[in-house]
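Dear colleague,

I am passing on the structure that we discussed, and my notes follow it. Please read them with the structure open beside you.

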Amino acid sequence: ATQRAEALELYRGEATGVLAPVEGRSQVVSHDLMDTIQWIVPSLARIYLGGEEVGKFEPVGPEDEDAAALETEVCNWMIREKNDVFSHVISTLTDALLLRSGYIMAYWSNNQDVRAETYTGLSDEEAAMLAQDAEVKVVEHSEYPDPMAAMMPPQPGPDGMPLPPPMLHDVKVERQYTDEYVGIESIPPDEVLVSRRHRWTSLERADFVQWRRRVTIGQLR
């Protein structure tokens, strides 16, 4: 933590801590560290983002070729189209160069949104189908006789009595939209805890990895 704090001070050129001014010496602060990192990051980002695919699934056997191609297409689409992959890669590379560790985490994102929709002039069947939709909640409803039916002679029912005029419906609903996909996020190295016994760059075989983040009650809900 102390080393990371000093690195951030050097990166920002803050005249505190290791850069605290000394009486009788120049007060000029150089931004060599920031300039060097900003110069290196684009070249490294090109390794991950320069091609058509961020990653590729390799088939184990001939029978897996179609599945591997489909998985590659789906995962690359989620990473590029559903996430701001450019910003996350740049942020993680900067963390790695400056703070010695950089992390991108993947998680299942479940975003829900509620939108109001208004329908006018629905028939009885259309209004019934709309109300039966599991993603729809009816908040306002009004009905009135079909003005076109009033211009036509009444239709007799099975018992010979005239049928009531057909009704039209104006309905206002709240529809819930769900957008689910694999999300990625560049996270601060301070939020990741790794076993002290781990000695390799990849965390694949680490016996302990934790993503620890303080969140609000609203985020938990």
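Below is what was found, from the overall picture down to single residues.

This is a predicted model, in which local features need pLDDT of at least 70 and side-chain atom pairs count only at pLDDT 80 or more, while totals for chains, interfaces and linings use all residues. Residues are numbered from 1 along each chain as its sequence is written, and side-chain values use heavy atoms, with hydrogens and water left out.

On confidence, pLDDT is the predictor's own score for each residue, from 0 to 100; its mean over the protein is 86, and 91% of the residues reach 70 or more.

The protein contains six helices and five strands, where helices (H or I, at least four residues) and strands (E, at least two) are DSSP runs numbered from the N terminus. Along the sequence they follow the pattern α-α-α-α-β-α-β-β-β-β-α.

As for overall dimensions, the radius of gyration is 31 Å, whereas a compact globule of 221 residues would have one near 17 Å; the radius is taken over C-alpha atoms, and the globule rule is 2.2 Å times the number of residues to the power 0.38. Along the principal axes, the C-alpha atoms fill a box of roughly 105 × 60 × 35 Å. Buried residues make up 23% of the 221 residues, with buried meaning under 20% relative accessible area, exposed over 50%, and partly exposed in between (1.4 Å probe, protein chains only).

With contact defined as heavy atoms within 4.5 Å, 68% of the contacts between residues at least 6 apart in sequence join residues at least 24 apart. The mean positions of the 20 positive and 38 negative charges are 15 Å apart; Lys and Arg count as positive and Asp and Glu as negative, without His and the chain ends, and each charge is placed at NZ of Lys, CZ of Arg, CG of Asp or CD of Glu.

Leaving out residues up to four places away in sequence, Thr 72 touches Glu 53, Gly 55, Lys 56 and Phe 57.

Arg 100 sits in the loop between helix H4 (85-99) and S1, and it counts as exposed at 67% relative accessibility. Although Arg 100 is not a glycine, it has a positive phi of about 80°. Most residues other than glycine have a negative phi.

Tyr 107 belongs to strand S1 (residues 103-122) and is partly exposed, with a relative accessible area of 32%. Residues up to four places away not counted, Tyr 107 touches Tyr 181, Val 182, Gly 183, Ile 184 and Glu 185. Tyr 107 and Tyr 181 are 74 residues apart in sequence, yet 8.6 Å apart from C-alpha to C-alpha.

Glu 174 is in strand S3 (residues 167-187) and is partly exposed at 36% relative accessibility. Beyond its neighbours within four places in sequence, Glu 174 is in contact with Val 114, Arg 115, Glu 135, Val 136, Lys 137 and Val 139. The C-alpha atoms of Glu 174 and Val 60, which are 114 residues apart along the chain, are separated by 47 Å.
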